[in-house]
Number of protein chains: 2
Amino acid sequence: MKKSEDTKKRILVAAEEEFAQKGFYGARVDEIAECAEVNKRMLYAYFGNKEELYKTVLLNVYNSLSLAEDSLIENDKNTDAATAVQNVIGLYFDFLKNNDNFVRMLMWENLNNANCLKSAKTQNIKKNMIDYIEKKICEGKIEGIFSQNASAQRVTTALLTFVFSYFSNKHTLSLVLDKNLASQEELNTHREFVCDLIINYLKN
Amino acid sequence: MKKSEDTKKRILVAAEEEFAQKGFYGARVDEIAECAEVNKRMLYAYFGNKEELYKTVLLNVYNSLSLAEDSLIENDKNTDAATAVQNVIGLYFDFLKNNDNFVRMLMWENLNNANCLKSAKTQNIKKNMIDYIEKKICEGKIEGIFSQNASAQRVTTALLTFVFSYFSNKHTLSLVLDKNLASQEELNTHREFVCDLIINYLKN
DNA sequence: ATATGAAGTAACTAATTAGTTACTTATGAA
DNA sequence: TTCATAAGTAACTAATTAGTTACTTCATAT
């Protein structure tokens with residue numbers, strides 16, 4: 001690997017950590033440079049300014065989920081509808097559990113009214129997954145295991161919010177419920193619960 | 001009202017707006033002072049420093065939900081279990097829809113690992129509502145309309161996350177789903193969907 | 001070997017920010 | 001009226017921050 005590539009990568013790794021932890025306003029360019037063991041000058045040389053660096057990090061993080069989604073879509077082409085839906089839920093649980101930075105970056109972005117995502121023209125970023133869920137629900141209806149009334153859009157919204165919110169709210173919720181939501185046990189319970197709710201809804 | 005009380009109130013109103021919009025790091029003390037039409041000196045005289053002001057705002061905002069919860073608990077003492085659960089869902093929908101600052105402050109707090117809430121010893125802040133839901137589910141089981149397997153903790157988590165996440169993720173989700181989740185129509189649909197899911201779960 | 005452009009360094013600037021200080025004005029009880 | 005205290009002001013400080021500049025070192029193709 002060229003040395004400059006290595007430097008860029010170190011900057012991106014450090015920046016992801018810093019931005020995920022502290023957000024755009026809280027993040028310090030000097031801190032990123034120090035963590036990356038890179039001179040601040042290089043950071044500006046490669047990424048222009050703080051905002052461009054932030055956008056790059058956000059898109060990278062977002063893209064890593066897209067890759068996982070596409071891989072599941074490819075693998076589950078011939079899986080039956082009910083299992084496929086459960087696998088999607090499982091994918092999000094696993095991904096969000098292992099990618100705290102993703103959860104946090106998306107929260108910052110929501111607080112920023114999705115401005116960076118908007119300006120990055122990523123409108124179609126989730127299209128593959130949405131189409132896939134729609135297709136699987138359609139298959140389930142034809143097989144006769146899903147209700148004809150089931151709405152793909154409802155299920156997609158539910159999937160995304162029910163799983164994401166568990167992770168994004170784990171700190172305040174753990175406090176309020178006096179339970180550690182990050183524990184494997186609680187996580188498994190919630191996963192099953194969400195699966196049951198959604199499959200129940202689909203089967204009516 | 002004493003003039004100082006009026007000044008304090010103006011500071012709190014301006015601070016809530018500023019902190020909700022920009023978070024602790026992004027918020028500017030000078031901006032708060034200007035919006036409140038108050039000299040910065042007074043802000044420090046009354047609230048000590050930026051962090052103390054932030055905590056005060058957070059607790060105020062949090063407390064406004066508690067008041068709404070307590071009022072519903074009082075009113076629905078004798079309401080049947082199923083309606084009572086639906087009313088709780090409705091309460092959260094209405095409250096969050098009308099209190100964007102609450103949603104945002106809680107998101108900032110989650111990103112801050114709930115540190116302010118922790119230090120503020122608000123562990124019992126949701127106890128009334130949790131106990132109430134537990135009681136209503138218990139009543140439902142006795143009446144025979146709810147399944148004996150239904151878990152109050154599951155329902156409470158679901159209530160809090162399913163409704164909150166709709167609002168906290170509305171910006172990125174609207175983009176991804178290419179729908180305006182803030183519209184009254186989408187809101188009603190999601191409310192009904194959440195009600196159905198939860199009541200279905202309770203009735204098994 | 002060496003010339004050239006890319007990679008890297010350290011010290012700087014200009015702007016912004018939380019928090020302070022020394023001072024003035026209003027209020028209300030004796 | 002007067003005097004003590006509470007409320008308010010404007011200008012300041014010290015620290016921090018994003019971004020820049022003028023310079024040096026390194027790698028490599030010829």
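Modeller: We begin with pLDDT, which is the predictor's confidence in each residue, from 0 to 100. Helices (H or I, at least four residues) and strands (E, at least two) are DSSP runs, numbered from the N terminus. This is a predicted model, in which local features need pLDDT of at least 70 and side-chain atom pairs count only at pLDDT 80 or more, while totals for chains, interfaces and linings use all residues. Residues are numbered from 1 along each chain as its sequence is written, chains are lettered from A and ligands numbered from 1 in the order in which they are written, and side-chain values use heavy atoms, with hydrogens and water left out.

Biologist: In which helix of chain A is confidence lowest?

Modeller: The mean pLDDT of chain A is 91, and 97% of its residues reach 70 or more. Confidence in chain A is highest in helix H5 (residues 81–98), at 95. The lowest mean, 81, belongs to residues 115–119 of chain A, that is, to helix H7.

Biologist: How much area do chain B and chain A bury between them?

Modeller: Contact means heavy atoms within 4.5 Å, and by that rule 45 residues of chain B meet 46 residues of chain A. Buried area is the accessible area (1.4 Å probe) that two parts lose on being put together, summed over both. Carbon and sulfur atoms account for 70% of the buried area, which is about 4600 Å².

Biologist: Which residue of chain A forms a salt bridge with Glu186(B)?

Modeller: A salt bridge is a side-chain nitrogen of Lys or Arg within 4 Å of a carboxyl oxygen of Asp or Glu. The rule finds 2 salt bridges across the interface of chain B and chain A. In the one formed by Glu186(B), the closest N and O atoms are 3.5 Å apart, and the partner is Arg154(A).

Biologist: Which helix gives the largest share of the side of chain B that touches chain A?

Modeller: The elements of chain B that give two or more residues to this side include helix H1 (3–26), helix H9 (152–168) and helix H11 (184–203). The largest share is 11 residues, and it comes from H9(B).

Biologist: How far is the side chain of Lys40(A) from a base oxygen of DNA strand D?

Modeller: A residue is near a strand if one of its heavy atoms lies within 4 Å of it. DNA strand D is surrounded by 16 residues, the closest being Arg28(A), Lys40(A), Tyr44(A), Lys50(A) and Ser4(B). For Lys40(A), the distance from a side-chain N or O atom to a base oxygen of DNA strand D is 2.6 Å.

Biologist: Which residue has a polar side-chain atom 2.6 Å from a phosphate oxygen of DNA strand C?

Modeller: Among the residues that come nearest to DNA strand C are Ser4(A), Arg28(B) and Lys40(B). Lys50(B) places a polar side-chain atom 3.1 Å from a phosphate oxygen of DNA strand C. In Lys40(B), a side-chain N or O atom is 2.6 Å from a base oxygen of DNA strand C. The phosphate oxygen at 2.6 Å is approached by Arg28(B).

Biologist: What share of the atoms of DNA strand C within 4 Å of the protein belongs to sugar or phosphate?

Modeller: These atoms of DNA strand C are divided between sugar or phosphate and bases. The bases hold the rest, and the share of sugar or phosphate is 56%.

Conventions:
A polar contact is a pair of N or O atoms within 3.5 Å; within protein, one must be able to donate a hydrogen and the other to accept it, and residues adjacent in sequence count only if both atoms are side-chain atoms.
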